Amino acid sequence: MKVDNYLPREAEITKVVQETGINLNIKTFHLSFTDGEEMMDFKPGQFLMLTVYGVGEAPFGLACAPTTDCQEIIISVKETGKVTSALHELQEGDSVGIRGPYGNSFPLEKTSGKDVVFISGGIGLAPLRSLIDYVLHPDHRQDFGRVQMLQAFRSPEDMLYDYEQQRWENTPDTTVKYTIDRPCEGWEHCVGFPHDLIEVELDCQTEDTVYYTCGPPIMIKAVTNELVNIGIDPEDIVTTLEMRMSCGLGKCGKCNIGHRYVCKDGPVYSYKELLEMPDEF
Amino acid sequence: MIKKLTAEELKALLGELRQKFLVIAPFRVKQGRLTKVLYQPVKSEDQLSSIYLKEQPDASPKEYFLPRDDRLGEETAGADCQPEEWSDYPRLFLGVRSCDIAGIELFDDVFTENDFVDPFYQQRRDNSLIIGYSCQEPADNSFCQEVGINPLENENVPLMLYDAGEGFYLKVQDQEVLKRFEMLDMIEELPEVESSELEEIVRENRKNFSENEFSLERGLPFPEKEAFTSVDWEEATASCLGCGVCTFYCPTCFCFKFFWEEIEKNRAWDSCMFSLFTAHASGHNPRETQDQRWRQRLLHKFSYHPTNYQGSPGCVGCGRCVSKCPVNLDIRRVLDRVEKTLAGEGVKGNES
């Protein structure tokens, strides 16, 4: 029996990366526990509850992979509400609280030995990064087939993880494509919404391939529709949901969709599961 | 084992129990111009004669297990921090009716599950003894029998109290608990009676529980997706103001939120009937309209909870949400519409 007192462990912000310009203020925070105890055990796709002391708490998807060299927790945060705004004010050396990890995870077993396609929109790349970094890590790369990524951003200014992209592009049997909403001077990659580019820019196989997508709800819907249109089995399309949450343990009731609690049974669902659920996300 | 006792003997027993327990019992309490029956701790010996068992209490004792605001601890205290000792005495709840007992059992299911234990709830629960109470007549708007609850008898509490007009019967259903709380000596002297004597009283009282006008035809859970999409929820719940009083009085509603006072982390009741309950910081809200929230409340109780807990209903039929609703939005009427829709019967316009 797991007892959870809803109180966080203290962690220190070890690094803050300004990811985007002021129009979409996203920062990436690197965190490590201050209690000297071990790093938490987590799986790609899980999330944590982060407390900004004196302000409140909110859920964030882990943007790092549980690889052997994983020393820190990484999350990317868009300044949106009370907690995220307060978090954006914090700097290296400041303390925050962390509970978790919570939730299920990306289906690694199902993905093992198969090709993987990642389609992201904006900060939707953050939760996918926990799996991208896992799959592309030298310890695991041979366990997966070809990797294709299609990353969508509003503009070049809004790109995330530009410091990681080169590494990803250089990983064997991996292609990374980028797209922005509108043409822009000096941009040499794709232009347009990701669902319009799937057929042209990605080599979409219907067999032995798992498709991961995350982004704004409307983008997830458009992408999954397009994937189904070109014949992908809804079971092979995986996404992760975002809901308001207080507890992270399936009790407080906020993330309840049908009989499922996104914090406990999710946040990762196949499109097949989403089709069975009441449309309430 | 069934003991017979006079009102005086019951009072004497409670007096003795007060030495070991914080006794919490229903009292008639004046609130402005209203008189309400509320669970309150017995603070002095003279209060014992004012305990009022005749009516269903205004609210269930849920706030003693999941307080309306609950101090969890300093947010920097860490994940290993134990809940504070909140009481020196174990607590004894007197006169809890079957509906409210079922409410506590539902909380047990939710807060002390295999994969998760809420230490705050568990501590309060472990430290509580419940003496049940057999209803003599149905409470206003109640429909407990329709959700499988027997208002007259309840085997899930160690002790059950029956009002026999002239005095009381106390049925001991779990001797082990009595031993644990060292209560056996206290009731030893009381005269024991045959079970037939009590059965006769229960039989008489049962006559007051005639067939309810409302009945639940369909087994639980309601089919999730079908109930979600096929029912005209807007028409059925249009008058809802979103005040949330139904959820606060509900013995089974347990949704909560956290709030902070400086570095104190606290928990407060929350309600799916509130528009902000599911609102994201981005402005997106999965349940934007009040009928969607009503659908959530009803289906959580009659579909989602039973799906997750072996068919166990998420409603105990106490009727409080009906009695308390400021616009008389009656869950029985909405349930009736859901059942008719699911049965494929045409639903006529507003039946009220």
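Gly15(B) touches Glu45(B) and Leu48(B), leaving aside residues up to four places away in sequence. Contact here means that the C-beta atoms of two residues, placed from the backbone, lie within 7 Å. Gly15(B) sits in helix H1 (residues 7-17) of chain B. Helices (H or I, at least four residues) and strands (E, at least two) are DSSP runs, numbered from the N terminus. Gly15(B) is partly exposed, because 14 other C-beta atoms lie within 10 Å. The scale is as follows: 20 or more other C-beta atoms within 10 Å of a residue's own make it buried, 12 or fewer make it exposed, and anything in between is partly exposed, with C-beta atoms placed from the backbone. Lys3(B) is 12 residues away from Gly15(B) along the chain, and their C-alpha atoms are separated by 17 Å.

The model is predicted: local features need pLDDT of at least 70, side-chain atom pairs count only at pLDDT 80 or more, and totals for chains, interfaces and linings use all residues. Residues are numbered from 1 along each chain as its sequence is written, while chains are lettered from A and ligands numbered from 1 in the order in which they are written.

Stay with chain B. Its domain assignment gives domain 1 (2-75 + 83-206) and domain 2 (224-342). Such bounds come from an automatic or database domain assignment. The centres of domain 1 and domain 2 of chain B, taken over C-alpha atoms, are 27 Å apart. Across the boundary, 31 residues of domain 1 of chain B are in contact with 24 residues of domain 2 of chain B. On the domain 1 side, E4 and helix H2 (98-111) of chain B each supply at least two residues. H2(B) gives the most to that side, with eight residues. By class, the domain 1 side has 13 nonpolar, seven polar and 11 charged residues. Ala, Val, Leu, Ile, Met, Phe, Trp, Tyr, Cys and Pro count as nonpolar, Asp, Glu, Lys and Arg as charged, and the others, Gly among them, as polar.

Chain B also meets chain A. The contact takes 41 residues from chain B and 35 residues from chain A. Several elements of chain B each supply at least two residues to its side, among them strand E4 (69-74), helix H7 (224-230) and helix H10 (290-308). The side of chain B that touches chain A divides into 21 nonpolar, 11 polar and nine charged residues.

Now turn to chain A. Its secondary structure comes to seven helices and 15 strands. The C-alpha trace of chain A spans about 50 × 45 × 35 Å along its principal axes. Of the 281 residues of chain A, 49% count as buried.

Which strands pair with E2(A)? Strand E1 (residues 9-18) of chain A pairs with strand E2 (residues 26-33) of chain A in the antiparallel sense, over seven bridges. E2(A) also pairs with strand E5 (residues 73-78) of chain A, again antiparallel, over six bridges. Two strands pair if DSSP finds at least two bridges between them. Val16(A) stands opposite Phe29(A) in E2(A), and Ile26(A) has Lys78(A) in E5(A) as its bridge partner.

The largest nonpolar core has 155 residues, of which Ile75(A), Tyr211(A), Tyr212(A), Val23(B) and Phe107(B) touch the most other members. Such a core is a set of buried Ala, Val, Leu, Ile, Met, Phe, Trp, Tyr and Cys residues joined through C-beta atoms within 7 Å. Residues up to four places away in sequence aside, Tyr212(A) touches partners including Phe106(A), Phe118(A), Leu128(A) and Val238(A).

Some backbone exceptions remain. Most residues other than glycine have a negative phi, and most peptide bonds are trans. A cis peptide bond joins Gly100(A) and Pro101(A), with omega about 5°. Pro101(A) lies in strand E6 (residues 95-102) of chain A. The bond from Gly266(A) to Pro267(A) is cis too, with omega near 5°. Asp208(A) is not a glycine, yet has a positive phi of about 50°. Asp208(A) counts as exposed, because 10 C-beta neighbours lie inside 10 Å.
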